[in-house]
Amino acid sequence: MGPYDSAISTGSTTSSPSSAAKPSEIDGLLAGAGYKVRSTELHQVAQRLERLETVMVNAPSEISQLASDVLHCNPSDIASWVDSMLFEFNPPVSIPSDLSDFSDLTYIDSVVSPAINQTVCNNSWVEHHTPQQQQQELTHQLTVVTAMEEDSGIRLVHMMMTCAESVQRGDLPLAGSLIEEMQALLTRVNTGCGIGKVARYFIDALNRRVFTPQAPCATGWSNENEILYHHFYEACPYLKFAHFTANQAILEAFDGHDCVHVVDFNLMHGLQWPALIQALALRPGGPPLLRLTGIGPPSPDGRDSLREIGLRLAELARSVNVRFAFRGVAASRLEDVKPWMLQVSPKEAVAINSIMQLHRLLGSGPTRVSAIETVLGWIRSLNPKIVTVVEQEANHNQSEFLDRFTEALYYYSTMFDSLEACSLQPEKAVAEIYIQKEICNVLCCEGSARVERHEPLAKWRNRLGAAGFRPLNLGSNAFKQASMLLTLFSAEGYCVEEHDGCLTLGWHSRPLIAASAWQPLLDTVINHNNLL
């Protein structure tokens, strides 16, 4: 059944003997609804509408032939408009071969419906639409467009799952054929939001995996990722939630200590630390001496970008009378960091801060098999007062591609849905690139190149517990801080929940990131000097 068959069916049912309605009565009903078309002409109009749809989605080479076969008649404004559209498709008018503009819903609406205020002329009458008739026609036209997009969206989801199955089986020719079909189908949906946007990114990832498997898609530390990270921070509350929650836990752990040391596994412009510096400045009894060690990638241009960030933080600390010292540790990978680089003193109260970093250590390559155990081991040896861990609440570390694809499709669909609440358009657009790079790494890479190996909170509980850590309750203050943060975002839908002392931030009923705090068990602490 075509998209207009429902209209044909309605006309047929209305004129069936059981309804006892005469053609003149049906014409009156159609006129009352704002449609200037006779019941006897519905079938012809529907046929032409389907032909128009075919013209819009087929190659331009077929348009001229179709237009030459059109019979122009004079029954109504709808039929006249369809005929005029078919006529307009005849050369010299050209249609882009990729139909990329169809991603804009406004453009689609302008193609499949006549202008609202258009005056329709033919050989027998001139009709001006009333506002009520215009609204009725617009509602009907948008309903048709929405139904077409919804149907195409559902087909895309099924085709993506079939393609993922083909990739898992190693049937790359079938996967490539499905990708081409999906790319063509994308022209019939709005790729600026909803399932169209999600499908665009996932089809792109499938395309990269099948056709350019050797293309780089890692999301390791780099200056480019720092820029994307910053825009993702501005566009949505997830990183702010991570920073606020971790800072509150660190602040409470430092209570009563005069010399404190924070080791940040991913400095990223130092966005997290101004708030902590200001909070320490207001601490009863005066602020402590704060040391901050920031780990980050080496600068490609030779600049000491870590030191520049440290200088800016030092200026802020000086302005609020907080004694401050900074040390930058340049490393391309977290597993390359050794504990002696951090210069931790036994007299310091130490906090280890990991915001979405530990999952990068879970690779199963020959050189990474024990990376997570090694890093957790030397963290434990430092005997920190607290270890703050924030990770994506997802299960993207599965070996089976189809399982990973399904989980990623569900997770990132929710993430993109939440981004629609962002009112900062430039930041939102760049934040989507940040997410796209994650999707690409999850789906396109394998082995040590696949670093986005997200795991849910339950697995981190088991892993950290087995490594000699016990959980710390984040407490009511952290929950209040996170809840207050969400008041800065006008959109409803974000929600903070507490789970056994940990906090999650999600969109509606789906948690998307989880924050937890940990401390080494006393009987597992090893003198870190032995590891130097």
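A residue counts as partly exposed when its relative accessible area lies between the buried limit of under 20% and the exposed limit of over 50%. Glutamate 446, at 36%, is therefore partly exposed. The model described here is predicted.

- Side chains of opposite charge can pair when their charged atoms come close.
- Arginine 209 and glutamate 446 form a salt bridge through their side chains, with an N to O distance of 2.9 Å. This pair links distant parts of the chain, 237 residues apart: arginine 209 belongs to helix α9 (residues 194–211), and glutamate 446 sits in the loop between α16 (425–444) and α17 (457–466).
- Glutamate 348 and arginine 291 also meet in a salt bridge, at 2.6 Å from N to O. Glutamate 348 is in the loop between β5 (324–330) and β6 (349–355), while arginine 291 is in strand β4 (residues 289–296), so the pair ties together parts that are 57 residues apart in sequence.
- Glutamate 348 has a relative accessibility of 11% and therefore counts as buried. Arginine 291, at 16%, counts as buried because the limit is under 20%.
- In the salt bridge between arginine 510 and glutamate 407, the closest N and O atoms are 3.3 Å apart. Arginine 510 lies in strand β11 (residues 510–520) and glutamate 407 in helix α15 (residues 401–419), which places the two distant parts of the chain 103 residues apart. Both arginine 510 and glutamate 407 are buried.

**Helix α9**

- Helix α9 has 18 residues and should span 26 Å at 1.5 Å a residue; its end C-alpha atoms are 26 Å apart, so the two values agree.
- The buried residues of α9 include Gly196, Lys197, Val198, Tyr201, Phe202 and Leu206.

**Strand β3 and its neighbours**

- In strand β3 (residues 259–264), 5 of the 6 residues are buried, so the strand is largely enclosed by the rest of the structure.
- Strands β3 and β4 run parallel and are joined by 6 bridges. Cysteine 259 stands opposite leucine 289 of β4.
- Between β3 and β4 the chain passes through helix α12 (residues 273–281), making a right-handed β-α-β crossover.
- Strand β3 also runs parallel to β6, with 5 bridges joining the two. Valine 260 has alanine 349 as its bridge partner in β6.

Notes
Residues numbered from 1 in each chain as written. Predicted model: local features only at pLDDT ≥ 70, side-chain atom pairs only at ≥ 80, totals over all residues. Heavy atoms only, no water. Salt bridge = Lys/Arg side-chain N within 4 Å of Asp/Glu carboxyl O. Helix = DSSP H or I, 4+ residues; strand = E, 2+ residues; numbered from the N terminus. Buried < 20%, exposed > 50% of the residue type's maximum accessible area, 1.4 Å probe, protein only. Expected span 1.5 Å × (residues − 1). Pairing = 2+ DSSP bridges. Right-handed = clockwise from strand over helix to strand, strands pointing away.
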